[in-house]
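Thanks for coming. I have one structure to go through today, so please have the sequence and the model in view.

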Amino acid sequence: MSGVAWAADAAVPAGMAGIVQFAPLILIFVVFYFLLIRPQQKKAKEHQNYLANLKKGDRVITGGGIHGVIAGLSDSVVTLEIAENVRIKVSRGAIAGSAVEGEKQAPAKSGG
């Protein structure tokens, strides 16, 4: 039985043995990078660009689900008007996305 192991060892040059053993692990890492890590980094970059380009009058949704219109901006704080004469201050990072895009994606309810 040990003769088969020696034969398999002889088929791969000594320097390549380490790479061949780690090839499946390297392949798994490459797949994870392209399927999970890279898209997540791209989405995070798009969100950072969105936050950097916020302007007064934009309709937004916070991470907590509050809908509002931007009434004021600073470097780190956004003032949202959530009702007439009702304003709250939230961190710029708490803005999850545009309320206009969220309304376009929501399916219309039938009156059944």
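This is a predicted model: local features need pLDDT of at least 70, side-chain atom pairs count only at pLDDT 80 or more; totals for chains, interfaces and linings use all residues.

Accessible areas here come from the Shrake-Rupley method with a 1.4 Å probe. On that basis, the protein chain exposes about 8900 Å², and carbon and sulfur atoms supply 62% of that area.

First, the overall layout. The protein chain has three helices and five strands. Starting from the N terminus, the order of elements is α-α-β-β-β-β-β-α. The chain has 112 residues, and 17% of them count as buried. If we take contacts between residues at least 6 apart in sequence, 32% of them join residues at least 24 apart.

Now the sheet. In what order do the five strands stand? The order is β4-β3-β2-β1-β5, in an open sheet with antiparallel pairing. The edges are held by β4, residues 86-91, and β5, residues 95-98. Each of these has a single partner strand, so one side of each is left without a neighbour in the sheet. From one strand to the next, the twist averages 45°.

Let me walk through the hairpins. β1 pairs with β2, residues 67-73, in the antiparallel sense over three bridges. In that pairing, Ile61 has His67 in β2 as its bridge partner. Four residues lie between β1 and β2 in their hairpin, and Gly65 in the turn has a positive phi of about 95°.

Next come β2 and β3, an antiparallel pair with four bridges. Their hairpin has three residues between the strands. Two positions show how the strands line up: Val69 stands opposite Glu81 in β3, and Ile70 stands opposite Leu80 in β3.

Then β3, residues 77-83, is joined to β4 by six bridges, and these two strands also run antiparallel. Here Leu80 faces Ile88 in β4, while Val78 faces Val90 in β4. The hairpin of β3 and β4 has two residues between the strands.

Asn85 deserves a stop. Where does Asn85 lie? Asn85 sits in the loop between β3 and β4. Its phi is near 60°, a positive value in a residue other than glycine. Is Asn85 buried or exposed? The cut-off for exposed is over 50% relative accessible area, and at 69% Asn85 counts as exposed.

Thr79 makes a contrast in burial. This residue is found in strand β3, and at 16% relative accessibility Thr79 counts as buried. Leaving out residues up to four places away in sequence, Thr79 touches Val69, Ile70, Ala71, Gly72, Arg87, Ile88 and Lys89.

Ser98 has its place in strand β5 and is buried, with a relative accessible area of 18%. Which residues does Ser98 touch, not counting those up to four places away in sequence? They are Tyr50, Arg59, Val60 and Ile61.

Last, the core. In soluble globular proteins, nonpolar side chains tend to be buried together. In this model, how many residues does the largest nonpolar core have? It has eight: Leu51, Leu54, Val60, Ile70, Val78, Leu80, Val90 and Ile95.

Several of these names have come up already. Ile70, for one, stands opposite Leu80, and both are in the core. Val78 and Val90, which stand opposite each other, are core members as well. The contacts of Ile70, not counting residues up to four places away in sequence, are Leu54, Lys55, Lys56, Gly57, Asp58, Val60, Val78, Thr79 and Leu80.

How values were computed: Residues are numbered from 1 along each chain as its sequence is written. Side-chain values use heavy atoms; hydrogens and water are left out. Two strands pair if DSSP finds at least two bridges between them. Axes are lines fitted to C-alpha atoms, for helices over the stretch in contact, and angles run from 0 to 180 degrees between N-to-C directions. Buried means under 20% relative accessible area, exposed over 50%, partly exposed in between (1.4 Å probe, protein chains only). Contact means heavy atoms within 4.5 Å. A nonpolar core is a set of buried Ala, Val, Leu, Ile, Met, Phe, Trp, Tyr and Cys residues joined through side-chain atoms within 4.5 Å.
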